[in-house]
Amino acid sequence: MGRHSDGTRVFCALVLASATACATQPVTPAVVPAPQLTQTAPPPVPPAERSRPLEGRWSVVLMLDPLSMRNLPPAEEVKGEIAFGKSSWWSNSDRFGREHVDLKPFFGRLYAPPDGVDAFSAADTSMFSEASGGLIGDSVSIDFLPRIDHGGLSLWGRFWGDSARGTWRRRGLEGSGTFVMRRVSKDAVNVAAIPVPTSVAPTVVAAVDTVKAKPKPMTKAQRLAAARAERIAAAKARTDSIAAAKAERVAKAKARDDSIATAKAERVARQKATADSIAAAKATAQALTRQLSNETPRVTATDAGAASSPGTAMRVSEATPAPADPKAPVAIRVRLLDKGSNKYVATKYSLHVPDGRWMFGRLRTGSAGDGFGSATTGSPGRYEVEITDFMCGDKLWFLKDRILMPVEVKPGQPADVTIEADLANAPARPSFDNKNGEKCSAPIGVEK
């Protein structure tokens with residue numbers, strides 16, 4: 001019992017000592033947080049007011065970087081002005097204006113200001129003087145010719161309120177450099193407006209339920225029927241295509257046959273006309289021959305009584321020939337005599353008729369008899385016979401200098417043309433059979 005009372009006294013002494021120590025220790029005051037200062041952000045600038053500082057007139061100087069051009073222009077610096085108004089084009093955040101900068105020394109006369117138009121006046125309505133500018137913070141961007149993506153100038157730079165400096169380039173083409181802008185006036189300029197796109201009222205469409213009902217799956221019979229209908233449609237399309245191709249082939253064949261028939265009819269008509277012309281010429285020649293043969297001498301009674309006296313008997317034609325028709329066709333024949341062999345040579349020739357045309361076809365000289373080929377007919381007038389080639393052995397030889405013979409065809413008188421040439425010594429021109437243009441050394445006039 002005495003031991004427990006001693007422990008209790010010790011415990012109490014310790015408690016009292018700790019309480020005394022706590023009572024003598026100074027008390028730390030509570031920490032009160034300092035009030036925080038909140039910084040209010042400046043109100044945002046409305047988009048419509050953002051580019052207002054651009055309004056007014058500005059002087060601008062453009063300096064060209066010579067390395068940006070393939071050919072060095074006559075000048076490396078141009079000056080002018082830019083004026084902005086209160087209107088906008090792309091949105092209410094930009095400003096529409098007009099520029100008056102003569103860029104002709106840089107890029108040619110297409111970039112010169114319009115002639116006879118005062119800058120920034122009501123008459124300055126050219127698309128080439130349009131400009132659009134905008135500000136974002138302290139950055140400025142200006143576009144010349146803003147409505148097209150190639151050819152116009154784009155300027156970017158730093159903006160200081162009354163001046164700006166930066167770089168420029170020509171969109172899509174060569175040319176770039178630096179620029180400097182300085183304000184001339186802060187008053188917005190009333191520049192000529194650009195056409196405003198016509199707004200079209202939106203079409204009112206009734207509201208529909210966007211939730212589509214899930215299609216009901218087809219049964220097996222329906223799938224088979226749909227596949228069969230698709231096969232039938234494909235077969236019908238194929239049959240129609242074949243029928244259309246066949247009809248097209250038939251139409252082409254018919255057109256070809258008609259063309260051949262028409263050409264044949266024209267050929268027959270031409271042949272008939274030629275035959276009729278030749279027949280008419282032959283008839284004219286025969287009539288003229290008969291007239292000439294019927295002219296015989298005849299002695300009158302007076303002439304018989306005066307036979308002993310000095311005088312001359314009168315020759316009287318039994319039939320006085322009628323005057324020849326100046327427009328009647330006349331027969332024309334041509335022959336070619338080779339001086340070296342003293343033989344007639346058969347070859348083809350061309351006949352230049354008075355109206356400027358050339359008569360080709362079966363115009364040939366002959367080699368047998370008198371050397372004349374088949375006669376052709378023509379109206380009286382001046383003609384020209386042309387020979388360009390002949391047969392050298394079994395090869396076709398072309399003359400270097402063509403043979404030309406003028407012919408005067410008179411009314412009622414058949415024209416027989418004889419052309420003499422030394423074909424063996426005549427210069428030749430290169431051709432398929434005569435590669436080197438040599439003279440003919442083979443027999444002349446032997447046809448293939």
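Which residues are linked with Arg333 in a network of salt bridges? Asp370 and Asp416 are linked with Arg333 in that network.

## Basis of the model

This is a predicted model, in which local features need pLDDT of at least 70 and side-chain atom pairs count only at pLDDT 80 or more, whereas totals for chains, interfaces and linings use all residues. Residues are numbered from 1 along each chain as its sequence is written, and side-chain values use heavy atoms, with hydrogens and water left out.

## Barrel

Eight strands, β1-β2-β3-β4-β5-β6-β7-β8 in that order, close into a barrel with antiparallel pairing. Neighbouring strands of this sheet are turned by 30 degrees against each other on average, direction ignored; the axes are lines fitted to C-alpha atoms, for helices over the stretch in contact, and angles run from 0 to 180 degrees between N-to-C directions. Strands are DSSP runs of E with at least two residues, and helices are runs of H or I with at least four, both numbered from the N terminus. Two strands count as paired if DSSP finds at least two bridges between them.

Within it, Gly134 has Ser141 of β5 as its bridge partner.

## Salt bridges

A salt bridge is counted where a side-chain nitrogen of Lys or Arg lies within 4 Å of a carboxyl oxygen of Asp or Glu. By this rule there are 16 salt bridges. Accessibility is classed as buried (under 20% relative accessible area), exposed (over 50%) or partly exposed (in between), with a 1.4 Å probe and protein chains only.

Asp143 pairs with Arg171, with 3.8 Å between the closest N and O atoms. Because Asp143 lies in strand β5 and Arg171 in the loop between β7 (163-170) and β8 (176-185), the pair ties together parts that are 28 residues apart in sequence. Asp143 is partly exposed at 29% relative accessibility, while Arg171 is buried at 10%.

Glu386 and Arg402 meet in a salt bridge at 2.5 Å, N to O. This pair links distant parts of the chain, with Glu386 in strand β14 and Arg402 in strand β15 (residues 395-409), 16 residues apart. Glu386 is buried at 10% relative accessible area; Arg402 is partly exposed at 48%.

## Disulfide

The structure holds 1 disulfide, defined as a pair of cysteine sulfur atoms within 2.5 Å. Cys392 and Cys440 form it, with their sulfur atoms 1.9 Å apart. Cys392 belongs to strand β14 (residues 381-392) and Cys440 to the segment after β16 (415-421), 48 residues apart. The link is right-handed, with 95 degrees about the S-S bond, and both cysteines are buried.

## Nonpolar cores

A nonpolar core is a set of buried Ala, Val, Leu, Ile, Met, Phe, Trp, Tyr and Cys residues joined through side-chain atoms within 4.5 Å. The largest has 28 residues, and Phe390, Ile419 and Leu423 have the most contacts inside it. Strands β9 (330-338), β14, β15 and β16 each supply at least two of its residues.

Leaving aside neighbours within four places in sequence, Phe390 is in contact (heavy atoms within 4.5 Å) with residues including Trp397, Leu423, Cys440 and Ile444. A second, separate core of 26 residues includes Trp58, Met69, Ile82 and Met181.
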